[in-house]
Amino acid sequence: MMSKKLRNDSNLNTSEIGEYIISDYGYGKDNVKLLHVVRNGPVHAIKELEVGSHLKLYDKKDYLYGDNSDIVATDSQKNTIYLLAKKYGVKSPEDFALLLCAHFLSKYSHVKEVSVQVVEYPWKRIGSGDGPFKQLHNHAFIFAPTATRYCTVTHARTGKQSQCA
């Protein structure tokens, strides 16, 4: 939220403009689709995730003065999600969200808080045959929307440490 009257004053409190306060600020990248495949010989396993990242900076100069010099580009956030999934794998939505939060806080010292949302969509292995003799295919899957697993992890930097909420 911005004020009707924006003053360019060096004594201006960066979170307060006139009678208004910028309360919910930040930016991020939502709806990053990720299909992580693990190949163990002929048997494969997959996880489909939808990831969103939201960063808050210490300074609000992007909102107050249009200065985007500290902004971590949304494409960089998306590419970081892909890179960390490839490098470290995806054990669970919670572990992956913790990894992303820790990465953004350690890489960018001007980031005050990171919030990551991860949704895991369920897939099951396709089988053939009936009863106890049913054979599961090694690398063929079907979307099975029985339940959706999701989490939101928020890390805030307090001094030189980060805290998980």
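Trainee: Which residues does Tyr 121 touch, not counting residues up to four places away in sequence?
Mentor: Tyr 121 touches Glu 48, Glu 50, Phe 143 and Thr 148. Keep in mind that this is a predicted model.

Trainee: Where is Tyr 121 placed?
Mentor: Tyr 121 is in strand E5, which covers residues 111-121.

Trainee: What makes the pair of side chains of Tyr 121 and Glu 50 a polar contact?
Mentor: The cut-off for such a pair of N or O atoms is within 3.5 Å. The side chains of Tyr 121 and Glu 50 come to 2.9 Å, and the pair is listed as a polar contact.

Trainee: Why is Tyr 121 called partly exposed?
Mentor: Buried means under 20% relative accessible area, and exposed means over 50%. Tyr 121 has 22%, so it counts as partly exposed.

Trainee: How far apart are Tyr 121 and Arg 149 in sequence and in space?
Mentor: They are 28 residues apart in sequence and 6.8 Å apart in space, C-alpha to C-alpha.

Trainee: Now Tyr 25. Why does Tyr 25 count as buried?
Mentor: The limit for buried is under 20%. Tyr 25 has a relative accessibility of 7%, so it is buried. Its place is in the loop between strand E2 (20-21) and E3.

Trainee: What does Tyr 25 touch, leaving out residues up to four places away in sequence?
Mentor: The list is His 54, Lys 56, Leu 57, Lys 60, Tyr 63 and Lys 112. Of these, Lys 60 is 35 residues from Tyr 25 in sequence and 8.1 Å from it in space, C-alpha to C-alpha. With Lys 112, the side chain of Tyr 25 makes a polar contact, side chain to side chain, at 3.3 Å.

Trainee: What is said of Ile 71, buried or partly exposed?
Mentor: Ile 71 has 28% relative accessibility, which lies between the limits of 20% and 50%, so it counts as partly exposed. Ile 71 sits in the loop between helix H1 (61-65) and H2.

Trainee: Which residues does Ile 71 touch, again not counting residues up to four places away in sequence?
Mentor: They are Tyr 27, Leu 57 and Asp 62. Tyr 27 is 44 residues from Ile 71 in sequence, and their C-alpha atoms are 8.7 Å apart in space.

Trainee: Let us turn to the helices. What describes two packed helices?
Mentor: The angle between their axes and the distance between the axes. For helix H2 (residues 74-88) and helix H3 (residues 93-107), the angle is about 120 degrees and the axes are 11 Å apart.

Trainee: Which residues of H2 and H3 meet?
Mentor: From H2 they are Gln 77, Thr 80, Ile 81, Leu 84, Ala 85 and Tyr 88, and from H3 they are Phe 96, Leu 99, Leu 100, His 103 and Phe 104. The residues of this contact divide into eight nonpolar, three polar and no charged.

Trainee: How do you know that Thr 80 is buried?
Mentor: Its relative accessibility is 11%, and buried means under 20%, so Thr 80 counts as buried. Thr 80 touches Leu 100, His 103 and Phe 104, with residues up to four places away in sequence left out. Its side chain also reaches the backbone oxygen of Ser 76 at 2.7 Å.

Trainee: What stands out about the phi of Asn 31?
Mentor: Most residues other than glycine have a negative phi. Asn 31 has a positive phi of about 60 degrees although it is not a glycine.

Trainee: Why does Asn 31 count as exposed?
Mentor: Exposed means over 50%, and Asn 31 has a relative accessible area of 52%, so it is exposed. Asn 31 lies in strand E3, residues 27-40.

Terms used: Residues are numbered from 1 along each chain as its sequence is written. This is a predicted model: local features need pLDDT of at least 70, side-chain atom pairs count only at pLDDT 80 or more; totals for chains, interfaces and linings use all residues. Side-chain values use heavy atoms; hydrogens and water are left out. Axes are lines fitted to C-alpha atoms, for helices over the stretch in contact, and angles run from 0 to 180 degrees between N-to-C directions. Helices (H or I, at least four residues) and strands (E, at least two) are DSSP runs, numbered from the N terminus. Contact means heavy atoms within 4.5 Å. Ala, Val, Leu, Ile, Met, Phe, Trp, Tyr, Cys and Pro count as nonpolar, Asp, Glu, Lys and Arg as charged, and the others, Gly among them, as polar. Buried means under 20% relative accessible area, exposed over 50%, partly exposed in between (1.4 Å probe, protein chains only). A polar contact is a pair of N or O atoms within 3.5 Å; within protein, one must be able to donate a hydrogen and the other to accept it, and residues adjacent in sequence count only if both atoms are side-chain atoms.
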